[in-house]
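Visitor: I would like to learn how to read a protein model, one feature at a time. Where do we begin?

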Amino acid sequence: MSTSKYKANSILGAGLGLRSSHYQEVFNTKPDVPWFELLSDNYMAEGGLPLVRAEKIREDYPITLHGVGMSLGSADPLDMDYLGRLKTLIKRLEPTYVSDHLAWVSISGKHTHDLLPFPYTDFTVKHISERINQVQDFLGQEILVENPSSYLDFHSTEMTEWEFIQGIAKSTDCNLLMDINNIYVSAVNHDFDPYEYLQAIPADRVKEIHLAGYEKMDNYLFDTHGYQVHPPVWELYKAALNRFGATPTLIEWDTDIPDFPTLRAEALKAEKLIQEVA
Amino acid sequence: MPFNQVQSLSDLKKLQETFYDAIFDPSSNNIKQASTYIIGTEKISEAQRLSIYRDSILGGITAALTHIYPVCVKLLGEKYFTHMVAGYLKKFPSESPDIGNYGEHLPAYIAEFKPAKELVYLSDVAQLEWLWHKAFNAPSDLSSSPEQKPLSELQNISEQNLPLVKFCSVSSANLLTSLYPIQRIWQVNQHDFQGDHSVSLDEGGVSLVIWRCADFGMRIDELNEDETKFLSAVLNCASFGQIAEIDFNQGLDEIVQRCIQTGLVIGFTTG
């Protein structure tokens, strides 16, 4: 028998990232959205209005918690205070999935609040796998880790990003959140084949997909989350669905956030493609 | 082993510290050091790749501070605010994974920020915005300590024990005193303000309490001299006996009643 205090606990179809500008519309109209993703770092305070809103949303929808604060790739020890607050939030909101990124955010106790790259080496596979295992042991549940977009490579890198993810999947039992836009952005920036990347990902570990819009700069693509999903990313997404199956998918839109109907329309495009492979 | 190998925790730490320094203190030497790790191409050089991350990080943090300090942005202009944040970041690194905790020292930094020295009230306006942000995110008073008793039980306290009573205010309350009319400056710079936008500094200073009441409504209330003294004592955990010795213009009962009626004082302890 389930001990959950909420009625909806699993996610299917195309969800939306909940942003503060849409709270009121969601509260007032209770739109037919299958699930919402909440940015865990915005709800880590002991109280306050954001947390009250999150609990109100959770009463009506299943949610996932997605964060940037774990700093899994950092050389610093894990921040156990942060993880403790995340654990409290998980208990409070009962998310279907909890996710963070294969990136570092802080070093020597100083935080950048952005997702930064590290070299893909045997050492970093081991280091990050150990940290993922530590996090999962502490939280008492599996997490999903997401591939970030990147704009530089290191001389010391010994393997491709997909080989690195394969290494993580072998050394841990965590699941994967594949950001298709990030794969495409990195593929253009680093001149690799995004379809080769997709083929190398262990399909049984992929539990969620992210989609977003990039910005075309002079000589690279930048992952702004400020546009509709671009056509080549939709194409890559179709290939991802064919490989991973009907995977819950989230539309991320964080800058120049449009009105709710525009955001919902973008999610419905993904929903249609999910239905085609279901 | 070449300098840029990453095969141990100390290698990784060195890389990340070098990268951090190149982002937040982009001197030519720091960029040169960080570039030794990075593969540059004809399309994009090592330094350009670093600057993509720098712009992204500064942009993200500036956006977060803009959200906390919208009136300061309006008064300074976006360009100067962004310039100021870059300097602030260098002096005050973010020490919390929660970006909402970042920016506490900005009012003090503004007070020393030379390009804004003519805006003598700006530091106090910034302090008001920070306290608003803190109150918005303060814990609910429903989860207050078990020692806290409801005000309805005050009548059961004997006269002998009354001096030991310590009033409890809402946890979101903070006082702010300024030599300038900062509440009016804040009000006329709200995006939905309608009316006369002019404010004269001759209007004089104010004493304010910034707080969130039980129904999550945000409040900025102006206090008179007595209310300021009383609430300041309450926030400093003074006992009723100590408060009774303060020299008030009005009767203490009247001041206490007013603070209870507004919802600022919500309980008491006798410990």
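Guide: We begin with a definition: a polar contact is a pair of N or O atoms within 3.5 Å. Within protein, one of the two must be able to donate a hydrogen and the other to accept it. Keep in mind that this is a predicted model.

Visitor: How far apart are the side chains of B:Gln5 and B:Gln7 in their polar contact?

Guide: The polar contact between the side chains of B:Gln5 and B:Gln7 is 3.3 Å. B:Gln5 itself sits in the segment before helix 1 (9-24) of chain B.

Visitor: Which residues is B:Gln5 in contact with, leaving aside its neighbours within four places in sequence?

Guide: Those residues are A:Ser156 and B:Asp11. As for B:Gly263, 258 residues away along the chain, its C-alpha atom is separated from that of B:Gln5 by 61 Å.

Visitor: Now the interface. How many residues does the contact take from chain A and from chain B?

Guide: Chain A contributes 50 residues to the contact and chain B contributes 41 residues. Together the two chains bury about 4,000 Å², with 64% of that area on carbon and sulfur atoms. On the chain A side, A:His113, A:Phe123 and A:His155 supply 15% of the area that chain A buries against chain B, more than any other three residues.

Visitor: How many salt bridges and how many polar pairs does the rule find across the interface?

Guide: For salt bridges across the interface of chain A and chain B, the count is 0. For polar contact, the rule finds 17 residue pairs there, both residues being at pLDDT 80 or more.

Visitor: Which element of chain A gives the most to the side that touches chain B?

Guide: Strand 6 of chain A does, with 7 residues. By residue type, that side of chain A divides into 20 nonpolar, 20 polar and 10 charged.

Visitor: How many salt bridges does the structure hold over all chains?

Guide: The total over all chains is 16 salt bridges. One case is A:Asp81 with A:Arg85, where the closest N and O atoms are 3.3 Å apart. Both residues lie in helix 3 of chain A, 4 residues apart, which is about one turn of the helix.

Visitor: Last, the cavities. What is the volume of the largest cavity, and which residues line it?

Guide: The structure holds 1 cavity of 30 Å³ or more, and the largest cavity has a volume of about 60 Å³. Its lining includes A:Leu102, A:Phe118, A:Glu161 and B:Tyr53. The lining residues divide into 9 nonpolar, 2 polar and 1 charged.

Notes
Residues are numbered from 1 along each chain as its sequence is written. Chains are lettered from A and ligands numbered from 1 in the order in which they are written. This is a predicted model: local features need pLDDT of at least 70, side-chain atom pairs count only at pLDDT 80 or more; totals for chains, interfaces and linings use all residues. Side-chain values use heavy atoms; hydrogens and water are left out. On a 1 Å grid over the protein atoms alone, a cavity is a set of points where a 1.4 Å probe fits but cannot get out, and a pocket is an open set with protein on both sides within 12 Å along at least five of seven lines; lining residues have an atom within 4 Å of a point. Grid points are joined across faces, edges and corners, and a volume is the space filled by probe spheres set on the points. Ala, Val, Leu, Ile, Met, Phe, Trp, Tyr, Cys and Pro count as nonpolar, Asp, Glu, Lys and Arg as charged, and the others, Gly among them, as polar. Contact means heavy atoms within 4.5 Å. Buried area is the accessible area (1.4 Å probe) that two parts lose on being put together, summed over both. A salt bridge is a side-chain nitrogen of Lys or Arg within 4 Å of a carboxyl oxygen of Asp or Glu. Helices (H or I, at least four residues) and strands (E, at least two) are DSSP runs, numbered from the N terminus.
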